[in-house]
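Here's a quick tour of the charged pairs in this structure. Have a look at the sequence and the model, then read on.

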Amino acid sequence: MDKKTTRRVLTASLVGSSIEWFDYFLYGTMAALVFNQLFFVNEDPTVGLMLAYASFALAFFIRPFGGIIFSHIGDRIGRKKTLVITLSLMGIATFGMGLLPTYQAIGIWAPILLITLRLVQGLGIGGEWGGALLLATEYAPPEKRGLFGSIPQMGVTIGLVLGTLALWVMTLLPNEAFMTWGWRVPFILSALLVVFGLWIRKGVDETPEFKAVQASGDIPKVPIVETLKYHWREVLIAIGAKVVETAPFYIFGTFIVSYATTNLGFSRTATLGAVMIATIITTILIPIMGSLSDRVGRKKLYIAGASAMALFAFPYFWMIHQGSVFMLVLATIIGLGVIWAPITAVLGTMFSEIFDAKVRYTGVTLGYQIGAALAGGTAPLVATALLARFDNSYVPVAIYIIFTALISLASIWAVKDLKQQQAAHPAATIAKESRA
């Protein structure tokens, strides 16, 4: 593959993924700051916040269904066509959110329409991640698969940076202006990003590995049936491995926005700034960790990151409770910026390496999206509920983070490191790759 094609493929994988996650995270942050007041109106502010977080979580539970629909298309028709559809869906839903009237204007229809558009977002993102990952890894040379597979993972953090930056700029407005029209601007402007993303993706050819499956005629009629029949163990491993990557991420990146401002007295600007700085750092570290995994192995890096996450749970909350903006920023950098980076950098590549090419889109998507539904969308909701139940004590939330790490560490022991597998059984590995 020449350098021009490599650049185009990686750009298509990264840009589309970044836009999708920008749209997705924008909703999560707005749920904590705006939607609980303008759409989910309730006399009790905590109930309003929990309703807003519940709408945030709802899309996570629709994501596996989007994953099933679009991974079926991806394994049957191709990765590229699927990615164009998912990006279009996300763009339409996000743009629509920016135009919605509030509860004060149309009553109960406001949250109903907002949730409907959120579900459309969930369907789109459900099929997006697997396609973006496979677009990168199925074009990658074997010795650079970790690096290539980490590139679409950068889209998650770049999307969060863009979403946080857009919101941070809007919060500089007077509060009345922000609550009236300022919050709408990032949603509406996202349409421009979507047009750019579609243009990039249309210029990319189908992946070599999918072409090989097409040429062999070995395309499953119903990929999800074959996946669940023959690869259910791999799906369970992927679900478990996803838990520590997703739950702490939403604690550090979304829940903290509400917790630090409401419970600890930090300003919105300081809190969003801490998240943005940490996310920029992890974005830089992700490809470095991906490249490192090509040399030392995915499993070692993942275990190191998950173990560090468990050890940092209590220190994280202790640091942010010191009342210092510096400590808030430092704690967020360590958790979200440094510890989380190796986990997310290797996750996608690790998933892609345990599934055959003919059901790979379905397999990686099921594992990723079910894991995200169980641990990601519920994380801010669970954390808020734990605070309400235990008199605003952070101890149960820290234990919750440790629990997610233990689940993933238990799951990851079942993953065979590809480099070790190649070293021990080179002939079997070559045969498997030729079949795929």
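A residue counts as buried when its relative accessible area is under 20%. By that cut-off E353 is buried, because its relative accessible area is 16%. Keep in mind that the model is predicted. A search of the whole structure turns up ten salt bridges, and here are some of them.

**R298 and E353**
- These two side chains join in a salt bridge, with 2.7 Å from N to O.
- The partners come from distant parts of the chain, 55 residues apart: R298 belongs to helix α13 (residues 298–320), while E353 sits in the loop between α14 and α15.
- R298 is buried too, because its relative accessibility is 6%.

**R201 and E128**
- Here the side chains of R201 and E128 form a salt bridge at 2.6 Å, N to O.
- R201 is part of helix α8 (residues 184–202) and E128 is part of helix α5 (residues 109–137), so the pair ties together parts 73 residues apart in sequence.
- Buried or exposed, what are R201 and E128? Both R201 and E128 are buried.

**K358 and E226**
- The side chains of K358 and E226 meet in a salt bridge as well, at 3.1 Å from N to O.
- K358 is found in the loop between α14 (325–352) and α15 (360–375), and E226 in helix α10 (residues 223–230), so this pair ties together parts 132 residues apart in sequence.

**A network**
- Which residues are linked in a network of salt bridges? They are D75, R79, E138, E209 and R360.

Methods
Residues numbered from 1 in each chain as written. Predicted model: local features only at pLDDT ≥ 70, side-chain atom pairs only at ≥ 80, totals over all residues. Heavy atoms only, no water. Salt bridge = Lys/Arg side-chain N within 4 Å of Asp/Glu carboxyl O. Helix = DSSP H or I, 4+ residues; strand = E, 2+ residues; numbered from the N terminus. Buried < 20%, exposed > 50% of the residue type's maximum accessible area, 1.4 Å probe, protein only.
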